[in-house]
Amino acid sequence: MESAFELEKLTKKFGGLIALDDLTLSIPERSIVGLIGRNGSGKTTLLHHVVGLQLPSSGRCTTLGHPAATLGSEQLANIGVVWQENRFLDWMTVDKHLRYVASFYQNWDRDREQRLLGDLELDPAARVGTLSPGNAQKLGIILAVCHHPKLLLLDEPMSALDPISREQVLAFLIELLHEDQATTVISSHVMRDIESVVEWIVCLDRGRVSVDSSLDDLQDRYSEWQVTSARPIAGDFKEPWVLSQRTNEHKAHLLVRDAGELIEWFETKYDVDVQSQSLNLERIFPLLHRGSR
Amino acid sequence: MSGGGALFRLLGRPATLAWVPLAMLLSLVVFTAVEIFWEIAANPLPSFWRPQWAHMVVWLFPALIGLLVGQAIKELQHCYFPWALPALRRRLLPGAVVVGLMLALATREILTALLAPFLLAPFLLGSSRFPLTRIVELWLSFPALSPGLVAVAFMAFWIGVRPSLLSWLGVMAPLALFSSMLIDVAAQRSAFVVLAAAVLAALLIYQEFGVESARRRPFIPTQALSGGGRRADQRRRPWGFGWSSGAEWRIEHMGTDTVRWVQAGAYENHGFHNRLVRAVGLAIPALAAAYIVGHVLFLALDDVGASSLGLASVAPGLLRRMGSFSLVLFTFSVFAAVPLSVLLACYASISLTRNGSYPLSRRRLARIEFWGSLAENACICGFMAALLIGFWSVLYGGLGFEGSASWPAWAGGHNGWIPFLLRPLAVVFLLTPIAQWFRLGYIRAPVAWSAVRRLVNVVGLMIVLTVLAMALGSRAFGFVPRFALFVDGSFVALIVLSQVAYRLRVDRYFATADLV
Amino acid sequence: MIVVIDQHSGVPVFRQLRDQIRFQIISGMLESGEELPSTRALSEELGLNPMTISKAYSRLEMEGLVEKRPGLCLVVKQLDTNDIDTRRLTHFRQSAKSVAAVAKQLGLSKETAMEVFAEILDGANGDKERG
């Protein structure tokens, strides 16, 4: 499978600040990828590089088979982006804005546009400058998807949407995958949204890739152990794969990584009873950044 | 004293340190340039012209400082947090009054030091047929009275703080209507005049910084510094949307055609006007400006006794006497037209605004930016041409010519339209890319105040160029045809050079810079 | 086929899907020869990533519970009785483990626990008979 975009030893410095640090990443086509990370970890900068809006200090970025810095107009017409900061023309009405942007693309799908306007309940006659943040995000999404992009980049696209609209957008992303064979990259803080539809997770930590695996693998690796002991528990557990723990006399609550095979060994060694449970992405997220403090 | 402190804390930033010397520099350069001009021309006319130009210092310098204070206060007002602060304008007002007064006194000192011999005798223009003349009379007579000068400078400061049409009208209208009475009052009760000016100014300012007026007005001022069409939302005029629903976008498919994208840029920046509204909106100030400037020049000729003769017959004599009348044009075109074109290049920008969210490769963006700038430049020059033609028409006594013989003379080559029209336009065309160059990459930067520092560089550059141009003009600008050809040739070469340089700059910028 | 997926429980979605479909097959809710919904249909119905569904289906295929017919959707395989019984017991054993753990934690003796369990089973059967 070809890659939708590829970063090779990409470094970006803003003055003294290193935003992206020797990043190597490859995103396969026709997948939905979640890009997660703390504030300032470089997610938006990475997306800027993918579309060629920012140029790397060193290293390379290749998007849809072309170097990102010299992406041609035809390739850019196959990419759709929803930015965190809206870049709209505030004096226009929603409808006018859609007509205007529609003229940029050859294959603008009017039906899709009308359907989304209806589903997301966005008033075409409203002035863009007076839209609430949530409605502005809806407009951003519509503007990015109606031209059937092969690559869709979403930077915090749903932070201001109500839960109903969120459901609709997430369902639409699935549809987009089926209809357009699109690759979607969602960068978001809302783990619930990401968890719903992505199959692959990339986590950035201060400009580096700390996780690049499937969501399933990630969920398999991390788990929560409820430990019950008949005898009093003598102090903390020192195993390296115990990431955090809360212990009192007879019970302990552990968060562990890559310890699936070790339950029986643990039970035998400490003469305890272990109940293992899964952790969702929201609870895994802090465990991905434990070194940063 | 926490009240006064409030304003000074707003002003205590690097940009102020850049702005204050800049304002002083700009005003003094105007003055100095005219001094040089008259040195070269060695002309008896100065008794009329010198004080007028020098009085620009009275108005310009305080107004520019007032502009700075006004911007600082406006910027504060347009953040969300100060709305809940109690008694904000009561805190800022004392500081502003203090600055204004100190400024007015300083201006008086500067002017007295520079122009002592000319200030002592008040003089009025004799042939006051027009209301505008009365205003000019009053304007000119005040500085003769020292307290009057302080009052004028003070008012100029406040008008700078609130640079709106309403301010100007509020000040000018009473002056125009009650001019003679005011002059009498000023001669007798000068302290009263200063006080009245201060009170009027304070009232204007108090009303200006009120919460209600701030809510109604869009945040325009630092747009000039934070870049043309970049902040379309800041140009939002709530009352404007009622009667102007904006133009329709008629193109179905854009493709990559440069012309269409330049149109798109124009649409993005100015499409919120209907064509008619826009045309009228531009025409009125253009005509007004042309009328005002032409009128002043008309009065100049009147003073010389030359107005009834028509320019064509007078011109040779005038030209000889003034050294080079086209040098006046030069001065005008540089000092008025170039700063104007800088502002227009920011306000009337037609570059694409959405920060790279277009299906256009960087090379295409570069090409579109270049041709768009050229189109902008052409529009600005067109505007200037209208201005120039406008006041030349006024000089001819209202679009009429003194007999048919004068038209060929006016139109005739190096005594006519080339120095009077084309050369000033050439200067504007040559220097506007500097503003556009500056806009690219500097104003696009998100921090507006650092752009002020860059602006200092650019304006400094323009001033140097102006002085050079004038020196060049005074030497090679005689009416010996072969020198004139050399000057014209060098103009053309310079223009081509500047366009090539600009193109290279644009290409390089789009090839290597972060667009976001 | 009705499945309930909790995408936010931390349990990988493909696994939830696989387990639920497996349960339905071995309990007889999905009969042999019955067609499973296509990947696309299920993904749109449940709002899930189609890769996840493919993964679940391929695991089921590896376990021998469903088979692929060329050009058509997956169908539930015909399993022999031994196979079904084994699978049912395996599943039951898993559930029983957690009950046993609770009994141990509560310190109940084996006899007490078995008594309670027998009661419940009888009660359940009784309800079944009465109902």
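Student: How many helices and how many strands are there in chain C?

Tutor: Happy to take you through it, with the reminder that this is a predicted model. Chain C has five helices and two strands. Read from the N terminus, its elements follow the order α-α-α-β-β-α-α. The radius of gyration of chain C is 18 Å, well over the 14 Å that the globule rule gives for 131 residues, so chain C is more spread out than a compact globule. Along the principal axes, the C-alpha atoms of chain C fill a box of roughly 55 × 35 × 30 Å.

As for burial, 21% of the 131 residues of chain C count as buried. Among the contacts in chain C with a separation of 6 or more, 54% are between residues 24 or more positions apart.

Chain B can be described in the same terms. Chain B has 21 helices and zero strands. Of its 516 residues, 36% are buried. In chain B, residues 24 or more positions apart make up 83% of the contacts with a separation of 6 or more. One residue of chain B to look at is Arg423(B), which is found in helix H19 (residues 417-443) of chain B. Arg423(B) is buried, because 23 other C-beta atoms lie within 10 Å, and the cut-off for a buried residue is 20 or more. Between the C-alpha atoms of Arg423(B) and Glu376(B), which are 47 residues apart along the chain, there are 19 Å.

Now back to chain C and its contact with chain A. Chain C gives 18 residues to this contact and chain A gives 22 residues. On the side of chain C that touches chain A, the elements giving two or more residues are helix H2 (39-46), helix H3 (50-63) and helix H4 (81-106) of chain C. By type, the residues on that side of chain C are six nonpolar, nine polar and three charged.

Chain A also touches chain B, and there the contact takes 26 residues from chain A and 28 residues from chain B. At least two residues each of the side of chain A that touches chain B come from helix H2 (73-76) and helix H3 (94-102) of chain A. H3(A) gives the most to that side, with three residues. The residues on the side of chain A that touches chain B are twelve nonpolar, nine polar and five charged.

Next, the nonpolar cores. The largest one has 96 residues, and Leu153(A), Leu173(A) and Val198(A) are those with the most contacts inside it. Helix H6 (residues 163-180) of chain A provides the largest share of this core, seven residues. Apart from this core lies another, of 17 residues, which includes Ile21(C), Leu36(C), Leu48(C) and Leu60(C). Val198(A) links the story back to chain C: leaving aside neighbours within four places in sequence, Val198(A) is in contact with Asn49(C) as well as with Ile32(A), Val33(A), Gly34(A), Ile186(A) and Leu215(A).

Ile186(A) brings us to a strand of chain A. Five of the five residues of strand E8 (residues 183-187) of chain A are buried, so E8(A) is largely enclosed by the rest of the structure. Thr183(A), Val185(A) and Ser187(A) point one way from E8(A), while Thr184(A) and Ile186(A) point the other way, and all are buried. E8(A) pairs in the parallel sense with strand E3 (residues 32-37) of chain A over four bridges, and Ser187(A) in E8(A) is the bridge partner of Leu35(A). Strand E7 (residues 151-155) of chain A also runs parallel to E8(A), joined to it by five bridges. In that pairing, Leu151(A) stands opposite Thr183(A) of E8(A).

For a contrast in burial, turn to helix H9 (residues 263-270) of chain A. Of its eight residues, the number buried is zero, so H9(A) lies largely in the open. Asp271(A) follows H9(A) and has a positive phi, near 55 degrees.

Technical notes. Residues are numbered from 1 along each chain as its sequence is written. Chains are lettered from A and ligands numbered from 1 in the order in which they are written. This is a predicted model: local features need pLDDT of at least 70, side-chain atom pairs count only at pLDDT 80 or more; totals for chains, interfaces and linings use all residues. Two residues are in contact if their C-beta atoms, placed from the backbone, lie within 7 Å. Ala, Val, Leu, Ile, Met, Phe, Trp, Tyr, Cys and Pro count as nonpolar, Asp, Glu, Lys and Arg as charged, and the others, Gly among them, as polar. The radius of gyration is taken over C-alpha atoms; the globule rule is 2.2 Å times the number of residues to the power 0.38. A residue is buried if 20 or more other C-beta atoms lie within 10 Å of its own, exposed if 12 or fewer, and partly exposed in between; C-beta atoms are placed from the backbone. A nonpolar core is a set of buried Ala, Val, Leu, Ile, Met, Phe, Trp, Tyr and Cys residues joined through C-beta atoms within 7 Å. Two strands pair if DSSP finds at least two bridges between them.
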